[in-house]
Amino acid sequence: MIQFVLLISRQGKVRLTKWYSPYSQKERTKVLRELSGVILSRVPKLCNFVEWREYKVVYKRYASLYFCMCIDQDDNELETLEIIHHYVEILDRYFGSVCELDLIFNFHKAYYILDELLIAGELQESSKKTVARLIAAQDSLVETAKEQASSISNIIAQATK
Amino acid sequence: MNPFSSGTRLRDMIRAIRACKTAAEERAVVRKECAAIRAAINENDQDYRHRNLAKLMFIHMLGYPTHFGQMECLKLIASAGFPEKRIGYLGLMLLLDERQEVLMLVTNSLKQDLNHTNQYIVGLALCALGNICSAEMARDLAPEVERLLQFRDPNIRKKAALCSVRIIKKVPDLAENFINPAASLLKEKHHGVLITGVQLCTDLCKVSPEALEYLRKKCTDGLVKTLKDVVNSSYAPEYDIAGITDPFLHIRLLKLLRILGQGDADASDSMNDILAQVATKTESNKIAGNAILYECVQTIMSIEDNGGLRVLAINILGRFLSNRDNNIRYVALNMLMKAITVDTQAVQRHRATILECVKDSDASIRKRALELVYLLVNESNVKPLTKELIEYLEVSDQEFREDLTAKICSIVAKFSTEKIWYIDQMLKVLSEAGNFVKDEVWHALIVVISNAPDLHGYTVRSLYRAFQASAEQESLVRVVVWCIGEYGDMLVNNAGMLDIEDPITVTEADAVDIIEMAMKRHTSDITTKAMALIALLKLSSRFPSCSERIRDVTIQHEGNLVLELQQRSIEFNSIIAKHQNIRSTLVERMPVLDEATFIGRKSNSMAGTASIPNGASFNLPNGVAKPSGAPLVDLLDLSSDDAPAPSPAGSDFLQDLLGVDLSPASQQSGVNQAPNSGTNVLLDLLSIGTPSLQSSSSIPVTTDILLSSQNNKTPVAPLDELSSLSLSARATSIAGAAPMMDLLDEMKDNGPVYPSIIAFESSSLRVTFNFSKPPENSQTTLIQATFTNLSPNAYTDFVFQAAVPKFLQLHLDPASSNSLPASGNGSISQNLRITNSHQGKKSLVMRIRIAYKVNGKDALEEGQINNFPRGL
């Protein structure tokens with residue numbers, strides 16, 4: 001099971017955190033500090049796994065961002081690497097060659113996509129296309145609602161003029 | 001856009017925060033935003049609630065407190081529209097976790113949303129429930145989720161399946177409701193549903209044996225077929241990763257098969273073919289393929305034995321191990337750890353490669369490899385492996401040294417067959433990484449040295465050389481100091497020279513130099529300095545020519561601010577100056593330290609630190625080594641029970657105990673008492689400041705020491721020392737249980753009936769004691785000892801002897817017989833009468849010695865009994 005997912009920038013800024021096990025705010029800060037210290041200091045070419053407490057953290061760097069997933073001792077580290085890559089590919093497809101800024105300004109979108117990929121720390125979908133389709137469908141639901149709301153407020157504005 | 005709206009857009013806030021140059025600026029921006037959001041919350045502003053929550057989430061990610069937004073999430077979830085619910089659920093998952101009570105308030109909204117007509121809203125609710133639900137919510141909403149496992153849209157079914165995973169982990173009792181629906185998910189074609197269904201079955205098997213049994217019977221063949229289909233499936237662009245169709249599904253299926261096959265020959269048998277196919281056919285040039293192979297190997301290793309498959313698996317690992325990719329090597333090492341229990345020989349073949357990995361530049365790989373090497377060591381390869389590891393120790397990183405040192409010490413201690421090798425290796429480790437060596441390791445080394453009389457000279461000379469090379473290693477210095485103190489004369493006169501040694505010329509002054517250096521090094525701590533003082537005292541007698549100089553050195557410490565050192569130096573000086581006549585007797589060589597006691601105590605003190613309430617050891621029959629962990633437990637109880645201990649806090653109470661333990665003649669309160677005479681002082685000095693050493697002398701020990709508590713970090717160690725200090729005269733090795741127990745006697749009721757005890761038990765003999773009290777004298781106890789022969793040979797000339805401390809009087813009646821039939825077919829009984837002049841203060845303690853002849857050969861057994869019932 002994936003205990004948590006972190007996105008950390010090379011400067012150590014947190015871009016996304018998703019916790020599938022309960023960690024208090026204080027613990028979260030501690031974990032982030034501990035792990036960014038360990039992971040950011042690792043030079044390239046080393047393996048992508050770090051043993052941490054009773055878990056393992058699988059991380060992979062894409063441009064300026066480190067994608068980290070903390071897994072149990074007996075989970076498959078190589079598969080976790082694939083899951084990370086899977087997520088990155090979906091993000092890439094959604095944003096159109098994704099960059100760190102996309103994930104900063106549209107952090108909620110990154111979360112929505114992650115929620116279509118993982119639930120309860122387990123993988124729910126292995127098809128990138130399906131995830132993209134589900135996200136698009138929900139985005140369009142939001143759009144329709146917005147349009148309706150603005151047309152209603154227009155009507156109200158007209159009426160009260 | 002609402003013309004009355006205030007505040008900034010989310011995008012603008014993020015920009016403003018990113019534009020901040022200092023942390024203080026950022027805090028100011030965040031403070032302003034938070035104030036605006038709070039104001040909006042107070043006004044119950046509906047239009048911008050979702051935007052405010054989005055901002056709060058961003059602020060939350062930066063690490064600022066955002067608890068005031070929690071209720072906003074609930075309000076958004078409760079509103080009707082999809083956009084509000086979407087952001088509300090996201091906020092809920094981000095800002096809250098299962099431990100917050102606010103979460104309970106959302107249960108009802110969740111229930112409604114799980115029954116919503118819009119499937120995307122159902123999806124949102126399932127996702128939130130799966131990510132953060134608590135046990136109560138799991139119980140409340142399990143029926144809804146169970147129903148959704150059969151929902152028409154596969155995307156809801158897969159979410160419901162993972163949500164069920166969380167539910168059964170939180171509340172395993174609910175597992176049985178999910179078995180049937182989960183099994184039917186395994187027949188699905190939709191990959192998302194299949195993956196999550198397999199996952200749900202895996203977790204069901206982990207929490208419920210019934211589920212395991214059911215799924216094993218009903219689903220194994222189906223799963224094998226599913227795996228076969230996906231392995232042989234043609235190119236499917238939607239699921240393809242590096243030429244493999246859906247590796248995620250492969251891996252989950254393999255994992256579930258592993259659980260089903262474990263411990264069941266039939267199930268294992270049915271999956272052999274497909275496992276062989278996966279192991280041989282999977283492309284191994286990409287991560288995805290290797291991930292599958294890795295999972296497959298793990299499954300092969302876990303299911304019931306099939307020789308051919310295991311060979312295949314080990315070969316795959318061998319290939320992994322020689323891969324250039326560090327990730328692959330890492331998982332290979334990881335897997336070999338598990339394989340070692342299955343097939344040690346196969347893993348041994350890769351020893352050389354694994355040993356190379358210990359030296360890798362990657363810390364993760366090094367750590368794995370070291371653990372693996374540790375498991376690979378056996379009697380036959382210990383020497384070359386240790387050599388390699390020690391050589392590597394010389395060049396390894398600082399942060400890796402601690403691990404490495406601990407492992408080497410443990411290997412050397414566990415597998416050494418000859419003492420000289422052990423001593424050599426330990427000296428190397430001490431010289432390289434003495435600062436990382438744990439106290440018990442060098443204590444053990446001293447015990448071993450003490451037990452190897454023919455190596456005393458060799459050891460002290462090697463240590464002398466080692467000290468010249470690496471004087472900065474604290475624990476090396478301590479061992480050097482101790483050995484020169486004890487065996488300094490052998491250093492100077494080259495006594496006990498072995499063939500392999502080069503002779504060295506060391507003068508008496510050189511030896512004293514070493515101790516003096518150890519004394520003066522600014523890095524030496526009190527323990528080392530205290531040990532050095534003792535060594536000097538010992539040398540002053542062994543090297544009369546240096547006596548004056550030694551006096552000068554010790555005099556310098558008479559004004560030391562550390563009480564311990566000051567006291568030692570003052571007392572030692574008076575010995576050197578005024579008590580020439582007794583000095584040489586006082587500083588005789590330490591008697592050989594009892595190895596068995598040390599090992600017993602060491603293992604016990606380890607258990608003690610791990611989990612103190614270890615009462616079980618108390619019931620052990622008395623062997624030679626009586627654990628000292630149990631008394632510790634009692635002491636701790638004592639201090640918490642408001643017992644009559646004078647000051648029950650911290651280390652003080654340990655010292656108080658010392659006072660109570662004093663032999664009857666001395667003062668009870670004498671923790672800091674001034675030395676009464678030179679003799680008293682000396683005797684405790686003999687027990688040095690280290691827990692491993694035990695005093696033994698022909699004069700009763702008087703304790704006036706603080707020395708025990710200060711160099712010990714753990715609460716166990718001081719007790720170890722106590723035990724060595726509180727000995728009565730004759731005992732060379734005592735485990736200390738008896739003196740400690742005395743304290744408790746006052747608290748316990750003296751019941752009129754005392755249970756029988758097994759006083760002594762070895763593989764060949766058992767002694768039981770039955771107790772009774774004569775009504776006329778409560779101090780006297782009548783003991784009926786019964787001896788039983790546990791061996792298949794009869795014993796003749798059976799003699800039982802016993803000795804007790806001075807406060808007891810012992811009378812032995814003649815035994816019923818002097819021959820003991822084999823295999824428990826009869827017994828000897830003998831009556832003992834024991835009078836305790838300190839009844840109620842001290843409990844009984846006895847050393848016994850049993851001599852007999854087996855097949856004409858003499859046999860002797862000895863032991864100490866200190867598990868007498870209290871209050872006798």
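Q: How many salt bridges does the rule find across the interface of chain B and chain A?
A: In this predicted model, the rule finds 9 salt bridges between chain B and chain A.

Q: Where's one of them, say the one on K367(B)?
A: The side chain of K367(B) meets that of E51(A), with 3.2 Å from N to O.

Q: And how many residue pairs are in polar contact across that interface?
A: The rule gives 24 residue pairs in polar contact between chain B and chain A, both residues of each pair being at pLDDT 80 or more.

Q: How do the residues on the chain B side divide into nonpolar, polar and charged?
A: The side of chain B that touches chain A has 32 nonpolar, 17 polar and 22 charged residues.

Q: OK, size. What area is buried between the two chains?
A: About 6000 Å² is buried between chain B and chain A, and carbon and sulfur atoms give 56% of that area.

Q: Which three residues supply more of chain B's buried area than any other three?
A: They are M61(B), R86(B) and F248(B), which together supply 12% of the area that chain B buries against chain A.

Q: How many residues does the contact take from each chain?
A: Chain B contributes 71 residues and chain A contributes 65.

Q: Switching to rings. How many aromatic pairs are there over all chains?
A: The count by this rule is 21 aromatic pairs over all chains.

Q: What's the geometry of F49(A) and Y330(B)?
A: Their pair is tilted, at 5.0 Å centre to centre and with 50° between the planes. The pair crosses between chains: F49(A) is in strand 3 (residues 49–52) of chain A, and Y330(B) is in helix 17 (residues 326–342) of chain B.

Q: Are those two buried or exposed?
A: Both F49(A) and Y330(B) are buried.

Q: What about F798(B) and Y852(B), stacked or edge-to-face?
A: F798(B) and Y852(B) are stacked, with 5.9 Å centre to centre and 10° between the planes. They link distant parts of the chain, 54 residues apart: F798(B) sits in strand 6 (residues 795–803) of chain B and Y852(B) in strand 9 (residues 846–854) of chain B.

Q: Why does F798(B) count as buried?
A: Because its relative accessibility is 6%, and buried means under 20%.

Q: And why Y852(B)?
A: Y852(B) counts as buried because its relative accessibility is 4%.

Q: Last one: which residues do ring pairs link into a cluster?
A: The cluster consists of F4(A), W19(A), Y23(A), W52(A) and Y55(A), linked by ring pairs.

Notes
Residues are numbered from 1 along each chain as its sequence is written. Chains are lettered from A and ligands numbered from 1 in the order in which they are written. This is a predicted model: local features need pLDDT of at least 70, side-chain atom pairs count only at pLDDT 80 or more; totals for chains, interfaces and linings use all residues. Side-chain values use heavy atoms; hydrogens and water are left out. Contact means heavy atoms within 4.5 Å. Buried area is the accessible area (1.4 Å probe) that two parts lose on being put together, summed over both. A salt bridge is a side-chain nitrogen of Lys or Arg within 4 Å of a carboxyl oxygen of Asp or Glu. A polar contact is a pair of N or O atoms within 3.5 Å; within protein, one must be able to donate a hydrogen and the other to accept it, and residues adjacent in sequence count only if both atoms are side-chain atoms. Ala, Val, Leu, Ile, Met, Phe, Trp, Tyr, Cys and Pro count as nonpolar, Asp, Glu, Lys and Arg as charged, and the others, Gly among them, as polar. Rings of Phe, Tyr and Trp (its six-membered ring) pair if their centres lie within 6.5 Å; planes under 30 degrees apart count as stacked, over 60 as edge-to-face and the rest as tilted. Helices (H or I, at least four residues) and strands (E, at least two) are DSSP runs, numbered from the N terminus. Buried means under 20% relative accessible area, exposed over 50%, partly exposed in between (1.4 Å probe, protein chains only).
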